[in-house]
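We'll take it one spot at a time.

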Amino acid sequence: MSNEAVYGIMFYLVSAVVLLSAVAAVTLRNLIHAALFLAISFVSVAGIYVLLHADFLAAVQVLIYGGAIPVLIAFGVMLTRTPGAAGSNPVNTKTYIWGLGITGALFAVIMLSLLKSKFAMQGLISKEPSIEGLARLMLGDFLIPFEFAAILLLAAMIGAIILARGGEAK
Amino acid sequence: MPNDDILLRIGASLRELFAGVLPGPDAVDVAMYFVALIACVALIFTNAVILILAERKVAGFMQSRLGPHRLGPYGMFQTVADVIKLLTKEDYRPQGVDKWVWAMAPVVLFVPPVMVYAVLPFGKNLVPVDLNIGIFYFVAVSSVATIAFLMAGWGSNNKYSVIGGMRAVAQMVSYEIPLVFSILGVVMLTGSLQTSVIVEKQSGIWFILLQPVAFVIYLIAAAAETNRMPFDLVEGESEIIAGPFTEYSGMRWAMFFLAEYASLFAVSAIASTLFLGGWHGPSFLPGWVWFLGKTYVMIFVFMWVRWTFPRLRVDQLMALCWKYLIPVSLANILITGIGIFAYRAMGG
């Protein structure tokens, strides 16, 4: 078996896991289960990054989308809903036409932009360590936008702390 | 003699053996990865048995009692008996649990520590997978353990478990930050995330001497990340029974402890990689013996801390992390940066 064949098999396996768990995340009635399947989907995307030799991106994907985001979602569900896991999914049947319209429009926009743009399929995978190039871009060429993003995040964090603290008792 | 390392010789002869049977060098590489995986899992299992006995012996020593002493010389077979007992117990599933989430949680919890072993530099040329981003990989993979605690806490459908799961998440997410910041100090000194390079650069001086503050922060944050005393609020048996573990029994329950000891070994090994010079040591012993020796010293330190300090309260835990550890670790990064700059300016 050649290396390309192994690569292809791995790619389709990982893609199947990504897509199937994404479908499960959308269709499952239990929100916690949906969040966990979303986590599986996110972490499997890291597998595709590994296949593309983007090792740093894969690790970031696992760190953020494996460790932080699902926990945030699960916390959101747990804090807003009653403990019964079965009754945790609100289904609104009255406005599903609106929902269908909005989702359809979003889907159309994404598909249009996907079909319009040209993707370079060849010569993108480099065996060089990706972290050095990333560091040069982030802390060199794009230093100012990078620092702006940092300040934005800091402001958001301080805002969250103030909101969580609540007003002073009068 | 480092070149006559017995493990390297075993590896080389295995490689020759595979080369005779398998087609192509890639297949041999894959086979060698499987050998490394099996070796790591074997290490985890035997190590857990040894560490549980060691923990009980150390605890006994520190509390002026004997610890286990009935079975075998010095109670050496006590853990083996315990494992057999746990294996033969009924696999009991409480009625109200969320079946799949509850059943998968111990398995998911066990995955990150096993994956961390891939980048541990056991010796020169003895890294299972010498990743370019080794240390960052360790950070990324071990963050996934959080979700396993959440699964166990939620899936058990028990209020104590949910409280424990929430504590676990709050604690592990918070203490990840000082852990990463303390590692950053060492990464700044070496300019590499590769574990083998980090050890290589310590041939002259161990980084514990250059980064003592980072070492202490790493110790505290790692103890919190592995949920060990004085940060075992997740279990907190006097408050919330056993936290996320409450509804588990038999081998599923044992999986939690297996995972705890696996990650205890992993964080200790990372500590000896980052701060204690890894495989470096006088050459009358092979490198991996030095590495394991330093790791076990670190494990003893963790046990020592565990049986010395009382458990923190939740608010104290958060205050320690956000008000002390994070500012100190940020200052450490700043001072390290200034130090490196000054060293370069002096023409070092």
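Predicted model: local features only at pLDDT ≥ 70, side-chain atom pairs only at ≥ 80, totals over all residues.

Let's start with a serine in chain B. B:Ser143 sits in the loop that joins helix 5 (134-142) to helix 6 (145-155) of chain B. Is B:Ser143 buried or exposed? With a relative accessible area of 1%, B:Ser143 counts as buried, because the cut-off for that label is under 20%. Its side chain reaches the backbone oxygen of B:Ala140 at 2.7 Å. Now look at what else touches it: once you set aside neighbours within four places in sequence, B:Ser143 is in contact with A:Val62, A:Leu63 and A:Gly67 from chain A, plus B:Glu176.

One of those contacts, A:Leu63, turns up again in a pocket. The second largest pocket holds about 2,400 Å³ of space. It is lined by 45 residues, and the closest to its centre are A:Leu63, A:Ile64, B:Ile177, B:Val180 and B:Phe181.

Running over residues 314-345, helix 14 has 32 residues and reaches 45 Å from its first C-alpha to its last, close to the 46 Å expected at 1.5 Å a residue. Where does helix 14 of chain B bend? Look at B:Leu325, where helix 14 bends by about 30°, with a proline, B:Pro327, following within four residues. B:Leu325 is also among the buried residues of this helix, as are B:Leu317, B:Ile326, B:Asn332 and B:Ile340. The cover over those buried residues includes helix 7 (159-190) and helix 10 (212-225) of chain B. After the helix comes B:Gly347, with a positive phi near 85°.

Next, the closed spaces. How many cavities of 30 Å³ or more does a search of the whole structure find? The search turns up 2. The largest cavity has a volume of about 340 Å³. Its lining takes 23 residues, and those nearest its centre are B:Ala145, B:Met172, B:Glu225, B:Thr226 and B:Ser263. Two or more lining residues come from each of helix 4 (99-116), helix 5, helix 6, helix 7, helix 10 and helix 12 (250-274) of chain B. Helix 12 gives the most, with 6 residues.

B:Tyr248 is in the loop between helix 11 (237-240) and helix 12 of chain B. At 5% relative accessibility, B:Tyr248 is buried. Leaving out residues up to four places away in sequence, B:Tyr248 touches B:Trp102, B:Ala105, B:Pro106, B:Ala152, B:Ser156, B:Trp253 and B:Phe256. As for B:Ala152, 96 residues separate it from B:Tyr248 in sequence, yet their C-alpha atoms are 9.1 Å apart in space.

Finish with another serine, B:Ser64, in the loop between helix 2 (24-62) and helix 3 (78-88) of chain B. B:Ser64 counts as exposed, because its relative accessibility is 73% and the label needs over 50%. Its phi is near 55°, a positive value in a residue other than glycine.

Terms used. Residues numbered from 1 in each chain as written. Chains lettered and ligands numbered in written order. Heavy atoms only, no water. Buried < 20%, exposed > 50% of the residue type's maximum accessible area, 1.4 Å probe, protein only. Polar contact = N/O pair within 3.5 Å; in protein donor to acceptor, adjacent residues only side chain to side chain. Contact = heavy atoms within 4.5 Å. Expected span 1.5 Å × (residues − 1). Bend = angle between axes of the 7 residues up to and from the residue. 1 Å grid on protein atoms, 1.4 Å probe; cavity = no way out; pocket = protein on both sides within 12 Å on 5 of 7 lines; lining within 4 Å. Points joined across faces, edges and corners; volume = space filled by probe spheres on them.
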